[in-house]
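The sequence and the structure are shown first.

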Amino acid sequence: MSRVHRGAEERLRRLLVMLPWLMERGEVPLAEVAERFRLTEGEVAADLELVAMCGLPPFVDELIDIFIDEGTVFVGVPRLFTRPLRLNSTEAFELLAAGRAAMELPGADPAGPLGRGLAKLAAALGGDAGADSGFGEGLDVDLERPEATDRVADAARRLERLRITYWSASRDESTERVITPRQVYADRGNWYVTATDHRTETLRTFRLDRIESLEPTGELGEPTDEPLPEPGQWFLDGGMPRVTLRLAPAARWVIETYPVDDVGEPDDDGWVIARLPVASDRWLERVLVRLGDRAEVVEPARLAELGRAAASRILARYRDAS
Amino acid sequence: MAERVERLTNLLALLLETSEPLSLVEIAGELRGQYPEKESARRGAFERDKAALREMGVPIEQEVVVGGPYAGSTKYWIDRARYELDDLRLEPDEMRALQVAVAATRTGSDLGQEAMWKLGSGVIDREPAVVATMPSLPGLPLLRDAIARRATVEFVYRDVDRTVEPYGLLLRDGFWYLVGFDHTRGERRTFRVDRIEGRITMGDGEQFEHPDGLNLRTVLPDDPKMLGPDGDTAEAIVRVDAVRAPAVVRELGAERLVDTNPNGDVDVRVPCANREAFRSWVLGLMEHAEVRSPADVRADIVEWLEREAAG
């Protein structure tokens, strides 16, 4: 774990949470400090040495009694920084929102430790959000999930192999596969599972609302060391083809809904040029049909005909019927 | 000159330790050699440090001296009781549950983890089995504060200056929504937080009462196809091919299933009060769906497709 540059603010913020924890313990292996605070041992040592030099006249160097010897950090009795800094409003928001979201995840128990922890937190944060109205007033997270979610999440926890029927949007057909779910996640209003697909033995991402049926195979999958892709990032694979679109203001949902590489400045009429990864031709034609004359394919030329062809195909269905 | 992190630490220590408020001249005197000599450069450096500490959440108090030789100058200090986090007395299982919650939500920032460190927790070593990504927007903490303090907020939305009594924030379908009373329009409105233009400003607290029993989830219809003009409950009949039928019935609910054909095709009732959202939904099913009735809704889709096919 190496970083190019850590700013003064970031280093101080980390020190202010590290010091009270170290003081409570007196002596801690350097490696443990580094792991706990997601730093390298070198970074911890540099920051602690620096803070050991802090102090005010006439007690320069005496603000914090701290030294590192043979891989162990020793901290003396301090005057300052014995309690962590209170949460700022951004941290408080992130924590409350995370708690609210976690309550919505499969397997959450509102009466369990999370609920109790959040109630204490809300009370400590004070104001209306705490004492008066109970936690969560005015802050809500709605992660409605497809039926299959709980069973797949359960399988991910136990590494259970499942046999599923899955409708693939890119090929427009249903197929049967055997998968070992690794991680279930919600992103931009949809639920997905990252799983080992045993046809190819590779990690693939499936949308849970497209799983048409599932049953346990009775077998357990193997644990994997393969790093899971960051939720929502599998799309950003550099090998995927790209399309450049010109989008009207009413087509803005496209750049809010799908991952984009970049978006230009709006022109006088509010149109923008955006570059997006193309999951499949099938995906792009669906987007283009829904956008109609609110989008133009700038390049590549190969993709410019997709929307028109798809519209003709759908239209044929209406003409046959009438 | 000392490293900036050292100067920030010393400034923080000084303001926490001082028994009486200090002016910038006094602060620079105590932190000898750490601030520039020249007055304007010193003021600039100090203001940057002060802003950095406040950004972290350090509550720096200030007051302007009235009378005496230093009249008009500003003095600074930190109230230790306001600086320090209260002991929440979290049980180990509660701490663990909060830590799991933070690990299970991805916001693109480390702030949830920073908060957990302050509460005395470490990091989760195992990748959680279930996670949710949540968009992180700069305006959210301020809006939450305003909701809790019952303070009116002002911002620009759809090119209009708004004054809003904020009631609540809801995350749904990957977007944060603000529900509140819009003074500009004289009615309750919902705003997409990521579409608020520019800065949000907050007025004084305790300016309004929250409506009783407001349920954010029901204020905002969860189906955009229903978001038509008030009271419009129009519906269309849509035929869906067998290959997409199970997913569509799951999405809409079994009560919207009108008919199942022997080949597995289904006819479903779909809200279409919001024609835009309805069209987008039907076309998302591509050639696997066809609007059967009413005639004007069907004609609308056909006309849209003809225009697109003609290019």
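The sections below describe the model, its domains, its chain contacts, its cores and its sheets.

## Model and confidence

The structure is a predicted model. For chain A the mean pLDDT is 84, and 89% of the residues score at least 70. The stretch of residues 127-135 of chain A, however, has a pLDDT below 50. Beyond near neighbours in sequence, this stretch has 18 contacts in the model.

## Domains of chain A

Four domains are assigned in chain A: domain 1 covers 8-75, domain 2 covers 89-132, domain 3 covers 149-231 and domain 4 covers 237-320. Between the C-alpha centres of domain 2 of chain A and domain 4 of chain A the distance is 40 Å.

## Contacts between the chains

Chain B places 93 residues in contact with 92 residues of chain A. On the side of chain B that touches chain A, helix α1 (residues 4-17) of chain B gives the most, with 10 residues. The residues on this side of chain B comprise 46 nonpolar, 15 polar and 32 charged.

Strand pairing also links the two chains: strand β6 (residues 173-187) of chain A pairs with strand β5 (residues 130-133) of chain B in the parallel sense, over 3 bridges. Within this topic, one pair of residues may be named: Tyr185(A) is opposite Val131(B) in β5(B).

## Nonpolar cores

The largest nonpolar core has 110 residues. The members that touch the most other members are Ala101(A), Val184(A), Ala101(B), Ala104(B), Ala132(B) and Leu143(B). Helix α4 (residues 89-104) of chain A supplies the largest share of this core, 8 residues. Leaving aside residues up to four places away in sequence, Ala101(A) touches Val141(A) and Leu143(A) in chain A, and Thr105(B), Ala132(B) and Met134(B) in chain B.

A second, separate core holds 40 residues, including Ala295(A), Leu252(B), Ala289(B) and Trp304(B).

## An open sheet in chain A

Chain A contains an open sheet of 4 strands with antiparallel pairing, in the order β11-β12-β10-β13. Strands β11 (262-263) and β13 (295-299) of chain A are at the edges and have a single partner strand each, so one side of each is left without a neighbour in the sheet.

The partner of β13(A) is strand β10 (residues 242-247) of chain A, and the two pair in the antiparallel sense over 4 bridges. Thr244(A) has Glu299(A), in β13(A), as its bridge partner.

Conventions:
Residues are numbered from 1 along each chain as its sequence is written. Chains are lettered from A and ligands numbered from 1 in the order in which they are written. This is a predicted model: local features need pLDDT of at least 70, side-chain atom pairs count only at pLDDT 80 or more; totals for chains, interfaces and linings use all residues. Domain bounds come from an automatic or database domain assignment. Two residues are in contact if their C-beta atoms, placed from the backbone, lie within 7 Å. Ala, Val, Leu, Ile, Met, Phe, Trp, Tyr, Cys and Pro count as nonpolar, Asp, Glu, Lys and Arg as charged, and the others, Gly among them, as polar. Two strands pair if DSSP finds at least two bridges between them. A nonpolar core is a set of buried Ala, Val, Leu, Ile, Met, Phe, Trp, Tyr and Cys residues joined through C-beta atoms within 7 Å. A residue is buried if 20 or more other C-beta atoms lie within 10 Å of its own, exposed if 12 or fewer, and partly exposed in between; C-beta atoms are placed from the backbone. pLDDT is the predictor's confidence in each residue, from 0 to 100.
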